[in-house]
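Reader: I would like a close look at a single part of this protein, and then a walk through the packing elsewhere. Please keep it plain.

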Amino acid sequence: MNRLRTACTTPGEFIITAEVAPPKGGDITHTIQMAERLKNRVHAINVTDGSRAVLRMCPLAVSAILVQHGIEPICQVACRDRNLIGLQADLMGAHALGIRNVLALTGDPVKAGDHPKAKSVFDLESVRLLQVIQKMNGGQDWNDKPLTDGVTDLFVGAAVDPQCPSLSGLQSRFEKKLEAGAQFFQSQLITDFELLDKFMHNIAAGCNKPILAGIFLFKSAKNAEFIKKYVPGVHIPQETIDRLAKAPEPLQEGIKIAAEQVKLARQICQGVHMMAVKREDLIPQILDLAGIEPVS
């Protein structure tokens, strides 16, 4: 599987990725059903790694199962829960299981999740995790010792937040991630497309790596308020919340808003990353409304 890698290196290709949440428990049926709905609409599907520090099945297992179903995953790897040895072991395992796409993340703080007394690890953060992957792809571990049983071949991406209030901090982290080997970037959910446009022109211009704007399906005003309150780094305008609150069918209004945002993103950057928690089946409808054709 190399659809994402091919798309990222094809000039003019508009790249679509989406996100599915692993189950909380041993039954993966629903996750597979949602991923199957997206199979021909996206280039690859993100499998989240304890998003918001909430307990879910490990993304490595879910990604391997998606591979078995002919679905290309992007396995998220967060530094929060595993030490340097465990992270490298999982990355080698991902390669052996046929998983080729990885998103390197620092990870949300434990106190934000459902096990606030759990211990955080954070041997690494996202930039150094990218460096680890770059080394492993070159045949060495973090200690510059050879991988005696073969190199890895992992296509690695990173997160970016174009709405970050510190422009200098945003630029510094972005440049460090580029230098550390990031091949594509997925953003936090975007609501301010003027800031995205400034980021693309002032920071990302000339980097030759695709930037995918995060598009989130708000199912209701209550849902938007919850995301605004509890998801770190998220900014949702009051006018969006009001529009959902006034709509006779909030979910349909949320679909319209998401489709409008996909259209805006298409004018600014190289792709979108779709997020529709527990309603991934609605992503094709959003893409249809935005005029996005199925992925060939």
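In which strand does N46 lie?

Author: The model is a predicted one. N46 lies in strand β2, which covers residues 44-47. Its relative accessibility is 0%, and because buried means under 20%, N46 counts as buried. Leaving out residues up to four places away in sequence, N46 touches T17, A18, E19 and V20, and also I74, Q76, L103, Q186 and H273.

From that strand residue, turn to the aromatic side chains. The structure holds four aromatic pairs. In one of them, F174 and F199, the ring centres are 5.3 Å apart and the planes stand at 80 degrees, so this pair is edge-to-face; the cut-off for that label is over 60 degrees. F174 lies in helix α6 and F199 in helix α7 (residues 193-202), so the pair ties together parts that are 25 residues apart in sequence. F174 counts as buried, at 2% relative accessibility. F199 counts as buried too, with a relative accessibility of 2%.

Another pair is made by F216 and F218, with ring centres 5.2 Å apart and planes at 45 degrees, so the pair is tilted. F216 has a relative accessible area of 7% and is buried. F218 is buried, with a relative accessible area of 1%.

K135 lies over the face of W142, at 5.0 Å from the ring centre. R266 lies over the face of F14, and here the distance to the ring centre is 5.4 Å.

Last come the helices. Two packed helices are described by the angle between their axes and the distance between the axes. Helix α5 takes in residues 126-137 and helix α6 residues 167-179; their axes come within 9 Å and cross at roughly 10 degrees. That makes α5 roughly parallel to α6, since angles under 35 degrees count as such. On the α5 side, the contact is made by S126, V127, L130 and Q134. On the α6 side, R173, K176, K177 and E179 make the contact. By class, the contact of α5 with α6 has two nonpolar, two polar and four charged residues.

Methods: Residues are numbered from 1 along each chain as its sequence is written. This is a predicted model: local features need pLDDT of at least 70, side-chain atom pairs count only at pLDDT 80 or more; totals for chains, interfaces and linings use all residues. Side-chain values use heavy atoms; hydrogens and water are left out. Axes are lines fitted to C-alpha atoms, for helices over the stretch in contact, and angles run from 0 to 180 degrees between N-to-C directions. Helices (H or I, at least four residues) and strands (E, at least two) are DSSP runs, numbered from the N terminus. Angles under 35 degrees count as roughly parallel, over 145 as roughly antiparallel, 65 to 115 as roughly perpendicular and the rest as oblique. Contact means heavy atoms within 4.5 Å. Ala, Val, Leu, Ile, Met, Phe, Trp, Tyr, Cys and Pro count as nonpolar, Asp, Glu, Lys and Arg as charged, and the others, Gly among them, as polar. Rings of Phe, Tyr and Trp (its six-membered ring) pair if their centres lie within 6.5 Å; planes under 30 degrees apart count as stacked, over 60 as edge-to-face and the rest as tilted. Buried means under 20% relative accessible area, exposed over 50%, partly exposed in between (1.4 Å probe, protein chains only). A charge sits over a ring if NZ of Lys or CZ of Arg is within 6 Å of the ring centre and within 35 degrees of the ring normal.
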